[in-house]
Structure formats: structure tokens, C-alpha cells
Amino acid sequence: MLHTTHEGRDDVRLPRRLLAAMVLVSFFALSVSSYVALTRSLQYQGRDEGPNAAYAIELSQGRLPTINTPVTTDAARHPLVVAGRTRMSDESHRHIWTANHPPLYYALSVPLVYAADQLDAPQLLIVGMRLINAVGSGLCVLLVGLIAFELTRRPEVALLATGISASCAVLVSAGGHIANDGVAVAASSLALLGTLRILGRGLTGRRLALVAVAGVAAAGAKAPGVLTVALCGAALAVALLVQDRSRRGVLRAVGAAAVATGLPALATGWFYVRNIVLYGDPTASGALLEKFAREPNGTWWQVLSDAQMWADWLRRLWTPVLGEWYVVFVDLLAVVAALGLLALLARRVVGGPRGPAGSGRGWLLLTVHALVVVVNLIGFVAGGGNPNDRYLMPLMPVLASALALGVVAILDLVPVGPQRLRARWATAALTLGLVVYGTLLFKRFADSPMYRGLLPDAHTTLAASVLAAGLAGAVVAVVLAVVLAAWPPAEARTTYAAPRPPRGRPAPHRR
């Protein structure tokens, strides 16, 4: 059954061995992204790497760029960026068009600019900014698994969700480029995780601080993070008000929401006000569409109702262009998960178990978050924006969690052996299969013509060593999961402690 048998469901904790396994699976994703970061040639326009690097260079000189600020022309210090700039056919692409993004990711990269100058190693800036993004993407994989556990309190679902997100093509490729997506999605996912823990386990100062700090990072890394911050604040206010409608409860709810949203607003609001003053809207999307003469892709409703576009867009998360048999994998995963979710829903409709307390509110939060992300993307694409794969990364927590839950629900229906052992062994095997799939996907990516060569003096040996370590870590993760399957659950390991006798009385004699 898809619920824990622990009496204190809100106090269920993720087993440490399984957490270690999830960390190792996340390290596998990080190793693949690191391979790309250490070896692949600079993608000046295709991945916005040139303007992103130029943004950090401008910040290092004490200037905050605009979307019309020219990319650096200092070929002696930044030869790769300048070489990409000279290949652009129009003046608009010789500007820092990514300056509509808030500066957190680029501020983190400023020390790399100084280090590259001091060591006379221009490639250090490129590789370093890529690795910051890769670490964020790897952290996002782990956070997806932790979010799945908060939603279901099922360790098997948490491990499988981690494996599903680690096999995602977006995290494999985009995580190894100069981009702010890894940091932004990791921060947003951390804010969602903190909010879920408050909804399911109760409000504490530490959890509220986690939501607020993660919210600062989310809003400071990318504009969609502002929507996540607002949603988390609203969810906390509503949940706490429903829990306690007294005067004290109202003050507690308002105070928690104010901290969760106020701190990010104070820390990052100035940048979005600046965008409004300069471009007329907080994200400068209209100014960018006009700058590059983008034509609308249709009305809002036309984009929303284009089922083929959405299906292809979602498939591309796990399937490369012209992916042949890779399409079969993602379709099979979706069908099995959908059948499992339907079976789970049917059992609950007829009076089956309803799962741990707070899980319904958690699923509602992630569903609303996904809808907010989708609505934002619809407006962007309708206005002429490009439906880039990495824009769907914020949906990974709900997508991977739902897919993992559906697959585990099917496993629960298989009448073979004890349910707990069957689920643990099967999810370990499936996780290994997902790692193999991710490796094959990466190999196809690395062998494709789109790879476009290597960085000058690429660290191929180091990159290969990191990738080998990631694969080894994934195998160790599966072994840990299998060992955990044979380990008795926490409640079975609890031993009875005899009560101490009252002070002054001797303990009763035991034979």
C-alpha cells in the first residue's frame, strides 16, 4: 500500500543509507554535466554562453549590464568569448542579451574572472561558470528525490524519482553549460522542499529560515523564482490559517508568509524595479522579443491547445532529437506511471488508504506551481519565444515524483513476495536501468555532430575520470538500496526499554 505503517507518520525520516544512495545518483548526474563542462566547445549563441560569461565580466568591473551592453572585445583576456562574438552576423547578438536576468549566478562567477586574470588562464572562467551550473543541476536531482519523499513518505519513490531526474537529457546537457538554470531551479526546489516540510511536519524557525533563504536565491537567480517565492508564501499563509484561526494563529500565518516573501523581496526587488524602469516589464521579455524581431507564435490559446508541441517538448526532457528508440522508453515510462496513478486513485475512491498527513497539500502545492510555470511559458512562447528544453526544468519535482509514484503503485500490485522487499529491490533495479539509459543518452549526445568539437586544451582525462567516478557511485547507490531492502524497517528495529524505577526504590530483581 502506498502509505507508511509508522504510527507517527509526520515523524517518518528518510533512511540514511537511502539518502546516501540518492546523493550518489545525484553525483552521477553531476559527473555527466561536468564532462560536458570540462570538454565541450563554447556555445556562444546556442546556449547563451557568450553573453552569460560577458555578464560576469561586466560585474567584475563594477558595472551591471543592460540587454544593449556590448560583449567584451578584450581578446587577450577573453579569447573564446570574443571569438564567438565576431561570428555573430548582427549587432544585437553582440550584446549581453541575458542581462534581463538577476545577478546572483553571475556574482558567484566574479571570483572566477579574477582567478582567470591572475593565472592567465581564460578557460578557467568558462569551465568554472559551467561547473557552478553543473553543481546546481546535480543538487536539483537530489532535491527532486527529497521532495518526492515529502510527498509520499515512501523511500522507494524517493530513490526512483532521483533516478528519473538523473536520466533527464536536459540535466545531462544543459547542466554542463554557462547558464543560470541549475542555480535557479535548485534554489526554487529548495524553497518548495522547505515549504512542504512546514506543511507536513509543522512550522519551525529553521524551516522558515530555509524557505526564506532559498527564496532569496531563487528570486536572485532567475525571474520565475519570484513566482515560486510568492506561491510558497501564499501556501504557508493559507495552511497556517486553516490550522489555527485564532488571533495568535492569524499573526503566526501572516508573520511566516511575510518572512518567506519579504526577505526575497527586500534582497532582489530592486533589480525587477530596474527592469521595469529600463524595459517596461520585470523580465524585459517584450524588449528582447522586439530586439531580435521575434514574430508571435500564435495566441495564448493556440499555444496551450497545441498538444503535439507539448508532447514533443516534454519528450525532449528524456529524448534527443531524432531519438529513435529513446522515444519508446519515455512513452513506456509515462504509460506505466499513468496506469499506476489511475490504480492508486481508484483504490482511494473506493475507500483505500489516503496516505500520510499533509501529502495532499503537498501535491496541491506542486500542481499549482507547475500550472504557474506552464502559464508563464505559454505567454513566453506565444509572444515569439523559443520553447527551449531547459525551460521545463522547474517542472521536474512534480514530473519525476508523479512518474515514480505511478511506477511504485504498479509494483505494489504485483503479488510476488513481501511488498516492502519487492518494492525496494525493484526500484533499485529500475534506478540502475535509468543510470544505464542516462549513460547511453549521454554517449549519443557526445557522439553527435552538435557536439561541435572540444575546448582548447580540454581536460579530457580529468573529465573521463569524473564520469567514471559518477558511474561507480551510481552502482554503489544501487548496492546501498539493495542492502536497505534487506534491512528491517525502523519500527521493527526499535527495542523496548524498561521504565526506570522511581528514585529511592531498588529495581525489581529479574531472573
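Helices here are DSSP runs of at least four residues and strands are runs of at least two, numbered from the N terminus. By this definition the protein chain, which is a predicted model, has 20 helices and zero strands. Overall values for the chain are as follows.

| Property of the protein chain | Value |
|---|---|
| Residues counted as buried, of 511 residues | 51% |
| Contacts joining residues at least 24 apart, among those between residues at least 6 apart in sequence | 82% |
| Accessible surface | about 23100 Å² |
| Share of the accessible surface belonging to carbon and sulfur atoms | 66% |

**Nonpolar core.** The largest nonpolar core comprises 137 residues, and Met22, Met129, Ile164, Trp318 and Phe442 have the most contacts inside it. Helix H5 (residues 123-152) supplies the largest share of this core, namely 14 residues. Once neighbours within four places in sequence are set aside, Ile164 is in contact with Trp318, Ala400, Leu403, Ala404 and Leu434.

**Helix H10.** Helix H10 covers residues 224-243.

Several residues of H10 are buried, among them Gly225, Thr228, Val229, Leu231, Cys232 and Gly233. Further along H10, Ala235, Leu236, Ala237, Ala239 and Leu240 are also buried.

Note on methods: Residues numbered from 1 in each chain as written. Predicted model: local features only at pLDDT ≥ 70, side-chain atom pairs only at ≥ 80, totals over all residues. Heavy atoms only, no water. Core = buried A, V, L, I, M, F, W, Y, C linked by side-chain atoms within 4.5 Å. Buried < 20%, exposed > 50% of the residue type's maximum accessible area, 1.4 Å probe, protein only. Contact = heavy atoms within 4.5 Å. Expected span 1.5 Å × (residues − 1). Areas by Shrake-Rupley, 256 points an atom, 1.4 Å probe, with all protein chains shown as cover.
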